[in-house]
Amino acid sequence: MWQVRGHDPLLRQLDKSIKEGRYAHSYLLVGPPQVGKGTLAINMAQAVNCLSPEQAPCGQCSQCRRIASTQHADVLVIGVGRGEDDGPSRKEIGIGDVREIERQASLNPYEGSHRVFIFDGAERMSEEAANALLKTLEEPPPQVMIILLTSQEGALLPTILSRCRRLELKPLPFSEIAKELVETHSMDREDAEMLARLSLGCPGWAISAAGDPSIMEKRKEELERISELSVSGLEERFSYASDLGSLFYKDRDGARDILRLWLRWWRDLLLIKEGAEEYIHNVDWSDVLRLRAAELSTAQVVAFIKVILTTLEALDHNANARLALEVMALSLPGERTGG
Amino acid sequence: MTFQVYYRKWRPQRFRELAGQQHVSATLQQAVQLGRVAHSLLFCGPRGTGKTSTARVLAKAVNCLEPEDGDPCNECARCQAVNEGRFMDLIELDAASNRGIDEIRNIRDRVNLAAAEGSYKVYIIDEAHMLTEHASNAFLKTLEEPPAHAIFILCTTDPQKILPTIISRCQRFDFRRLTSDAIMERLRMIQAEEGVDVSTEALQSLAHSAGGSLRDAENLLEQLVVSYGSSIGVNEVHELLGLGQGERALDLIRYLLLGNTSAALSAINRAAWDGADLRQLHREAVNLLRGVLLLQYGSRDSLDFPQETIRELEDVAPKASAARVIKSLKLLGEVNMRHDTSSPLHLELAVVEACMDEAPAEAPAKAEAAQPNPPRPSPAVQPAARTTPNQAPNTPATGERRAGDAGTRAISRPSPTAPGSQPARVRESGNSPPPSSEHTLPREANGPVPSSTPGNPGPGDSFQEQWGTLVKTLSRYKGKRFNIGALLRDCKNQDVEGETLVLTFAHRSHLERMQEELDDPQGMKTVNEALLKSLGASYRLRLSLAEGNGGGNPPATAQSPLVRAALSMGARIMEEREQ
Amino acid sequence: MKLSCLQENLSRGLATVGRAVATRTTLPITQNVLLSTDRSMLKLSATNLEIAITTWIGAMVEEEGSITVPARLLTEFVASLPSERIDVSMAPGSKSLSLTCSRSEAHVNGTDVDEFPPIPTVESGLAAKIDPQAFKTAISQVVFAAATEESRPVLTGVKLELEGGKFTMAAADGFRLAVHNGELLEPVGEPINIILPARTLSEVNRLLGEQDTPVEMTMIPSKGQVLFRLNSIEIVSQLIQGTFPNYSQLIPQSYQTRSVTDLQELLRAARTASIFARDGSGIIRLQIMPGSDDQSESDEGQRSGKVVISARAEEMGDNQGEVDTFIEGDESKIAFNSKYLLEVLSVLERGEVVLETTTPSSPGVFRPIRGEKKWRERGVEERKPDETYVHVVMPMFVQWS
């Protein structure tokens, strides 16, 4: 059973090509974070290794189970991940990772029938690593499948894109996610619809938020801070920037997620100012957003959104995180002096 | 033999199979024939143009035991060894993994060793742009005077990054992006061999989208076959590539150029919610904007759009100021959809910025001269306008709103050129009776305001402004099923007939949705309250459907060059009469 | 789990499997060693997903059980203990292994066996038996010729072919080729053709030690694995995917000059030359010169002569040495990379070496002659090379002045 929600035509196509043995050796799965790329990649790894080819991926056989529990020796997920408890997080997928998979790829599979290498966040490959991967990506040994996952397709080299079979996972309709939440997570309708909407069509986020109230709690805290900072003094803003900077050092993705919350908040302000409120993201905050919007001019909102985008980009390019975040804090309009 | 993807399965094995690079393959083939192959070659060109394939063919050709006119035979032991990837004297390195000075020294130290299996040792160094400067320098001497038995082929997609000293030591071949024809020819061959049926139109569309890369084209073809089976038409290609967003893009630029930010944002978001490919939307919007620009400068002939689209553009072109077109084109052109391809934010920003800052005085192209009053961005030119001094009560902080909110366009079009001075109904307003100046808008605090000749210019007090406020107010309100503000945005015309406000919709579905919302007592109440607040009066509402399809189509008269010229000078069509 | 064993046995066992403990962390649990009771033995296993090694040590088993624990921690702890009895125990349901030895005690936290990659088993398949010392010789004569860089993974492997009662082992890196032909103890039922990582064979060579019982080799090519069964040790290796070059084409079928030289003398001269070659692109030149005409030509055109071995270091100096030789054919010149020359001469054990050359740009072929007699004392037939080993080295292009 494919565990990915939605995307039926894509799954049918994939299922057929795997059962007919006509699958490609290199895939690119494109879609926003949490839309189900990782789940699909694991499912694909199961499907090509499954012991019951008719039902592949059956999810029951020893191969499927070992792959699901990330114990399988032939299925390797390469990503930047989080750092160790105190250490910094990895910045990129480096050439060392690529050399290691090249070495492994040349060997016959250890316990399954296929080696599957999953690059989670392929856009994080260093230029060197990406170039070094090209040969293997184009002509891997038999019994090897490479799956690249990305939410930023445009950040990959055209030479990478051109070697892969591309599968796009679009965000699911909100109603579909809400239905899923109601049916399988017994949520009440209203909460489910709210989560579905906040998930931007990415079931992964909605499902984890449904199972873990702390996610929504955290979002609420973060949004409260974002909202407060719009009217706070410089001191608080600097201290916030510094906290976010330390978080970035340990957990890049976590810090990026917070900046994305900023971006969505400010986009909401823009939409409200420009008469498109029905498309805002943080619907549950619309009262506050409206208040904030009234205090700002469109030009200010536009300018600050650009600052956030620049900050995100600077962080992607290994700029001094704290400095970049402080610049962002300085550019935040609406400062209350002495506050 | 296990299954292989098309681009591996159909990799060319001979010079004459190399598609679209005759200038390269012919030269090389002749050099092989004459035994004058250079020992250091540089293959430059975009992805998928055949660099590595050519290099392998060349490696076979120089080592082949029975070459045919310089082409490898693919039969002899050496050719077969190359084809099976076990030829000892073909060494394929990628410079990315071997970019350092140690790796290059390693090559340099061994270059004097004789070929083991063939006559020439051929080094194919892919991604040569990844070599470090030190490594490149260490390589120079080897490249300058390679031993007689060694051939170095450096391949790169990025020759700018290669040291000039390296380039000058190599015989350089530039691989071009393949023409659509060359790609099509190759795809036809593959399609025939694979036993799939792809329509010519589909192949064309596919070849066109491949960006001159054969590998991309082959991949797309394979993906089509995998997705849709063995019979493929142009629709499948469009579906796969997310093409065919012309309608959406047209809506987007129309709103954009008319300064209707809210509607433009809505167009973007609706596309996003429908799962449309925003990159494609962006691309098409930029193309259309370019079309508008060309039209404004009178070069209709250079437009490469379907007739229908050109008509639409011709409708828009005279209504938008040249400055706005250029600004929009610039801002939208700068949008980089590389990151976050599914997020509408970048497009939204560009739209808001394009509509921002524009002085309220900006007028349609060439219209200033004809405009006695401080011109407005609204295309409506009002010779006899009346002001309504009071501001809409609840206008939010964006009081300095540009004109041009939804509805502006169709509100009324009195024209100095029209024979009758009586404002006639616009054609698009459909079955609503012609509004006249008698049908004034009753207001609580002020005198009547002619709804159909909405006011001039004072910021924030025209009917359009009020309508805009209304739409905005209601966009916060989600009705039973739909957002009422969004529904009202789809309303093409608003005409006041006595105490009735006639809302004309271009599409039946929009009308029906609105009706559904108004049937809900709560919805009705909200709309009435908002009407009172924004327009300062209460109205009965009547919904009507525009005649024909798409209220946005210009009247037939607009096709006449004379009328077009008049329009471009700010004239408005009041009425069309059958002669 | 409850058992006791001797410190020295456990320590030796851990050292044996230690070579297969992963150093990279792609799958962190592969840094563990798997301990499990197996009848009256303690079984130790480790795998780095390329090679898996299992060994058994004698133990008094009271309670069955199994666990995986960090290999390095356990190995270092056990090695530090006195040579006495170790009591090993683990409470049911617990994942903490307790070790007691003398007055020292330790608790090592482990991970469930289920999470450990399965140690491949090869129950049935094509089996072969080889004499252990002959296998060691083959390995040491071939493995060094495999490529070390990974641009062509196939060349980092060693080709192993078994057919009838014979086996052939070959390795090549594009500049040299080593081929060893040997005998199996029993003929194999059907031919076997595999590419093994060179590392695997080096491990087998190391673990074979002084063993005198036959090595058993079992393979299931479809699973891409091969098992070597040594005395109380099993090594399972992944095979390398790909096509190996057709190496027999690389061995020249003829020669113009054949020289037979005392191996030790030639090796000494080559070592001396390599000191100078180090600073001169590693080039060692060999000039094979027949003796002066007064030396009577023996039958079949064979006569004595000398090999002049020289090297030059840019701006530093040069060196030249001579070795007596027995020549068949004309004068000849060839230049080799010093590393390649030294490596082949070093694995030829003792006796004499045959060098076959044609032109300065065609490969040089080294072959051994077995036996104690000096070439001067051999008859013509006795100077024929030993067919068990061929080593081909590509020459270097140099200016011969």
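Is the crossing of helix 4 of chain A and helix 5 of chain A left-handed or right-handed? The first legend takes that up. This is a predicted model, in which local features need pLDDT of at least 70, side-chain atom pairs count only at pLDDT 80 or more, and totals for chains, interfaces and linings use all residues. Residues are numbered from 1 along each chain as its sequence is written, while chains are lettered from A and ligands numbered from 1 in the order in which they are written.

**View 1. Helix 4 (residues 95-106) and helix 5 (residues 127-138) of chain A cross at roughly 15°.** Their axes come within 8 Å, and that angle makes helix 4 of chain A roughly parallel to helix 5 of chain A (angles under 35 degrees count as roughly parallel). Helices here are DSSP runs of H or I with at least four residues, strands are E runs of at least two, and both are numbered from the N terminus. Axes are lines fitted to C-alpha atoms, for helices over the stretch in contact, with angles from 0 to 180 degrees between N-to-C directions. As for the opening question, the crossing is left-handed (the near helix is turned anticlockwise from the far one by less than a right angle; clockwise would be right-handed). Look for Ile95(A), Asp97(A), Val98(A), Glu102(A) and Ala105(A) in helix 4 of chain A, meeting Glu128(A), Ala129(A), Ala132(A), Leu133(A) and Thr136(A) in helix 5 of chain A; contact puts C-beta atoms, placed from the backbone, within 7 Å. The residues of this contact split into six nonpolar, one polar and three charged (Ala, Val, Leu, Ile, Met, Phe, Trp, Tyr, Cys and Pro are nonpolar, Asp, Glu, Lys and Arg charged, and the others, Gly among them, polar).

**View 2. Helix 19 (residues 463-474) and helix 22 (residues 521-535) of chain B cross at roughly 145°.** Here the axes come within 9 Å, and the crossing is right-handed. Helix 19 of chain B brings Gln466(B), Thr469(B), Leu470(B), Thr473(B) and Leu474(B), and helix 22 of chain B answers with residues including Val527(B), Ala530(B) and Leu531(B). Sorted by class, the contact has six nonpolar, four polar and one charged.

**View 3. Helix 15 (residues 321-331) of chain A has buried residues.** They are Ala321(A), Ala324(A), Leu325(A), Met328(A) and Ala329(A); buried means 20 or more other C-beta atoms within 10 Å of a residue's own, with C-beta atoms placed from the backbone. These residues sit on the same side of helix 15 of chain A because they cover an arc of only 140° around the axis (taken from the directions from the helix axis to the C-beta atoms). They pack against helix 11 (234-250) and helix 14 (298-316) of chain A.

**View 4. Tyr340(C) lies in helix 6 (residues 338-346) of chain C.** Tyr340(C) counts as buried because it has 24 C-beta neighbours inside 10 Å. Leaving out residues up to four places away in sequence, Tyr340(C) touches Phe175(C), Arg176(C) and Val393(C). Val393(C) is 53 residues from Tyr340(C) in sequence, with 7.3 Å between their C-alpha atoms.

**View 5. Chain B meets chain A through 49 residues from chain B and 42 residues from chain A.** Helix 10 of chain B gives the largest share of chain B's side, six residues. By class, that side divides into 15 nonpolar, 20 polar and 14 charged.

Definitions and conventions. Two residues are in contact if their C-beta atoms, placed from the backbone, lie within 7 Å. Angles under 35 degrees count as roughly parallel, over 145 as roughly antiparallel, 65 to 115 as roughly perpendicular and the rest as oblique. A residue is buried if 20 or more other C-beta atoms lie within 10 Å of its own, exposed if 12 or fewer, and partly exposed in between; C-beta atoms are placed from the backbone.
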